[in-house]
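Trainee: Could you take me slowly through one part of this model, the pairs of oppositely charged side chains, and tell me where they sit?

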Amino acid sequence: MAVTEWWTTTSCGGRRSAFTAFFSILLLHCIAILLFTSGFLLTRTELPHHSHCSDASKSPCGLLPDRSHQSDDNNGGDSCWTKPAVDRLVIIVLDALRFDFVAPSTFFEEKKPWMDKLQVLHKLASDSESAARIFKAIADPPTTSLQRLKGLTTGGLPTFIDIGNSFGAPAIVEDNLIQQLVQNGKRVVMMGDDTWTQLFPNHFNKSYPYPSFNVKDLDTVDNGCISHLIPTLYDDDWDVLIAHFLGVDHAGHIFGVDSVQMIDKLQQYNEQLEKVVEVLQSQAGRGGLHENTLLLVMGDHGQTINGDHGGGSAEEVETSIFAMSLRKSPLTLPSEFDASSCKPDLDGREVCVSSIEQLDFAATVSALLGIPFPYGSIGRVNPMLYALVGGTWNLEGYDMSSSQSRLKLEEWMHNYAKVLCVNSWQVKKYIDVYTASSVIGFSVDDLKHVADLYTQAANWSDSLHDVASCRDEACSISFDALKKQIDLYSNFLASVAELARTKFTEFNLRMMGIGFGILLISIFIHVLVIKKVDDIDMSVLPSHETSSVSFGLIVSCTIVAARACSFLSNSYILEEGKMTNFLLASIGMLGLRHSIMRKKMISEAAAFVFLISILRFTIELGLSKPQEVMDFRSWMYVADLVPILPLIILAYLLYKSIACSSCNRLLKFVITGSIFCYILVALHWTLESNLSSMTPLIFDGIKGNFIPRAIYITGIAQLLSLAVLQFFEEVKISEWRETTVMKAVAMLSVWSSTLMILSGKQGPWIALASVVGGWLISRLKDLQQGNKNATSGLLVLYSSPVTQWSLLASCLFFCSGHWCAFDGLRYAAAFVGFDEFTIIPQAILLTIETYGFSHILPTLGLPFLVAYKYLSNEAKQTRQSLIQLFQVYLIYGVIMAVTTAFTILCVIIQRRHLMVWGLFAPKFVFDVLGLILTDVLICVSSLFYFIQT
């Protein structure tokens with residue numbers, strides 16, 4: 001079929017053919033990704049079982065607390081699985097609490113401005129008269145708040161897919177610490193982050209929740225906690241108090257760790273903690289309300305220097321727990337159990353820091369409160385935190401000044417060994433039931449290894465004799481036996497935790513394989529279509545000689561393959577921005593060499609290489625510390641007015657485009673609306689800057705959310721206008737080039753205004769870089785035509801420029817401060833123009849800000865590669881241009897599909913890698929969403945740019 005016939009046999013001409021082809025590819029990609037995702041992002045099997053006090057009778061540990069006189073799960077009683085060591089528990093959660101916020105600066109190589117602000121914790125931890133200790137708490141990635149709260153309360157390992165619920169947390173249905181507290185008659189009071197009431201909707205006797213997702217709001221949640229916390233400490237109608245502060249987390253997201261706002265928040269927390277400790281200590285005397293209260297000040301996760309979290313870096317997984325028992329423990333643990341590191345703080349006070357896994361939190365707190373461990377808990381009762389509480393020592397009537405302190409220590413070890421026995425029995429029971437209930441479970445070898453470790457620990461149970469009656473040399477044997485018993489149980493629990501971290505998630509390899517296979521088939525079909533279109537185009541070219549292979553095509557294929565293969569390495573994923581820039585620079589240098597040899601477009605090629613160098617510098621800054629970024633901005637912007645400079649340039653370019661064009665008036669109206677939006681963006685930044693005091697009072701009424709919302713509404717109206725223009729106006733085939741260029745200008749201008757106000761003051765610079773880069777790539781495209789007597793096929797002609805276009809788009813993603821991890825999301829963008837969290841508008845804004853420069857603008861701007869070349873509007877050239885535009889979108893789509901396919905191959909290979917949930921899975925999510933978004937935009941482009949004649 002001839003080219004012209006192929007494009008005109010249907011009533012819709014090229015539009016219907018292009019849309020049908022691209023929509024078919026989109027459908028194949030959606031099916032492939034859906035099937036693969038259903039096999040990869042499976043949640044861990046959540047068992048419906050719950051622990052009960054009566055289960056203790058089934059334990060082989062012996063000498064368990066007697067509950068025979070009580071009905072199961074009643075509201076009274078002193079003990080259950082373990083003897084209660086504390087009467088009341090105060091948990092203060094400081095969201096995104098970095099470890100170096102709590103530990104003294106002397107524990108680190110370099111002192112930072114945010115360190116040593118929580119002085120009250122240093123003072124208490126160094127006081128020999130108080131039973132207080134700082135712990136480095138290690139969280140399991142991903143480090144989103146929902147997953148960490150779920151992990152802390154269930155004692156398990158929430159899986160990656162739970163991240164999707166972070167903005168709308170569902171109630172936890174599996175057994176958990178809060179459920180056990182309520183089930184065993186404990187009265188729980190909660191205040192602060194409303195995520196708790198979403199996770200546990202009917203568990204609190206009293207609750208004071210506050211909305212948590214407006215990251216621009218540093219004070220509402222914290223002030224709510226402060227207003228209720230101190231008064232509640234004087235009440236006697238609760239057993240467990242939970243106060244969840246969010247100011248540090250929000251300050252990190254908006255301003256970064258090294259900011260005045262962060263330091264102010266830490267100082268505010270220090271003042272509040274001083275008041276809390278003062279109240280607790282004032283009522284800690286004999287018979288007092290807090291005689292036997294345990295205070296825990298803790299974080300749910302850490303945060304990077306940029307204030308982000310969600311991944312698995314050390315800064316994100318390392319948080320802290322400060323524990324203080326109001327009943328002082330009389331003895332310290334022997335060195336075999338105490339792995340603390342002690343150093344003097346800035347005031348010369350010795351502060352010791354221990355370590356704890358967040359996985360151990362639920363089991364340890366359950367043991368201290370004397371309630372059953374959550375059924376799915378796989379953590380271990382931490383010895384340091386357990387020993388810190390004086391209630392675990394059983395000192396009534398005991399003279400600690402006597403020489404029998406060692407006997408008392410052995411008695412504590414005997415008690416701790418019994419606790420670990422119950423702990424291990426519960427974990428072994430859970431593993432057995434999980435394996436029987438789960439579709440896949442654990443392998444036979446893994447189960448045998450775990451069973452052997454448990455058997456070894458159980459066979460040593462003869463060492464659990466009554467050390468209190470020991471009065472001779474047998475005591476040393478008892479100490480060694482108890483030590484070995486504890487080690488055996490600890491080894492078993494550590495082995496189970498390690499096994500769970502590597503193999504807990506159930507992968508359906510069959511579904512993953514089918515999804516990956518369909519994706520490969522779609523790529524194969526994609527390539528066949530590209531080859532067919534190339535053959536059709538070359539068959540009707542008037543040239544005596546055609547070229548189907550060129551050096552540029554080989555280089556482009558090599559670059560795309562190298563980038564795709566790099567995703568198989570975690571190191572390259574971590575440095576993806578730099579690696580992508582290097583590949584783009586490689587093509588740029590080859591283009592510069594080619595232009596010099598041909599003595600053509602040398603200035604454009606050199607400018608392109610220079611632009612790449614600037615982008616490389618910007619990517620480096622985007623990955624650097626905030627203070628370095630701030631220094632860069634202070635040099636780059638000089639003043640608050642400087643970001644307006646690229647806005648002026650972009651507005652001028654838009655004005656020139658409509659001044660020199662005879663296009664439809666509606667297109668000119670849309671572009672004029674974008675210029676007006678640029679003015680609004682500049683006005684908004686001025687009103688939000690230090691220059692606001694110089695603006696007329698009349699502008700005070702439009703500060704805040706008014707201007708962003710006006711830009712959003714204008715953008716929606718512009719898109720509707722373009723849709724009306726597309727479906728009700730017939731474009732003459734001879735006018736396609738000029739109309740297409742103006743349509744592209746209008747479409748890009750509509751999206752750019754919204755994107756720039758979401759991206760902040762860096763937005764206009766990135767937008768200007770994309771315009772310059774796109775123009776240079778379009779200009780340099782003609783260098784691909786080598787032999788003057790030969791005509792290149794479409795694949796040869798466009799392979800290099802489209803590859804450069806895709807690499808430039810990827811570089812812009814990293815230049816705008818993003819990376820493929822959830823801590824690379826700029827959550828503050830979701831609240832530009834909004835104060836309250838609503839899932840749909842916030843998700844749309846976050847998506848636009850994340851994928852705007854890397855996917856939306858590049859995909860919608862591809863027609864420039866084709867329309868730029870043709871200075872004639874002849875019908876014959878227009879028809880050929882439609883074929884070329886179709887081929888350009890096919891090449892761009894297949895590049896995206898190939899890189900995504902290798903990302904999927906990576907997660908298949910690395911599915912048991914320790915960094916799968918912290919690195920590979922986020923990369924997978926970003927890439928598949930980017931692929932689907934690109935396919936959708938290509939389908940929209942086929943309707944918008946291809947004509948109806």
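**Charged pairs, one by one**

Mentor: D487 is partly exposed, with a relative accessible area of 30%, where partly exposed covers the range between buried, which is under 20% relative accessible area, and exposed, which is over 50% (1.4 Å probe, protein chains only). This is a predicted model, in which local features need pLDDT of at least 70 and side-chain atom pairs count only at pLDDT 80 or more, while totals for chains, interfaces and linings use all residues. Residues are numbered from 1 along each chain as its sequence is written, and side-chain values use heavy atoms, with hydrogens and water left out.

The partner of D487 is K483, and the two form a salt bridge whose closest N and O atoms are 2.6 Å apart; a salt bridge here is a side-chain nitrogen of Lys or Arg within 4 Å of a carboxyl oxygen of Asp or Glu. K483 is buried, at 16% relative accessible area. Both residues belong to helix 16 (residues 474–503), four residues apart, about one turn of the helix, and a helix means a DSSP run of H or I with at least four residues, numbered from the N terminus.

Turning to R349, this residue forms a salt bridge with D345, the closest N and O atoms being 2.9 Å apart, and another with D347, at 3.3 Å from N to O. R349 is partly exposed at 24%, whereas D345 is buried at 6% and D347 is exposed at 56%.

Elsewhere, a network of salt bridges links R563, E576, K923 and D927. By this rule the model has 22 salt bridges.

Technical notes
Helices (H or I, at least four residues) and strands (E, at least two) are DSSP runs, numbered from the N terminus.
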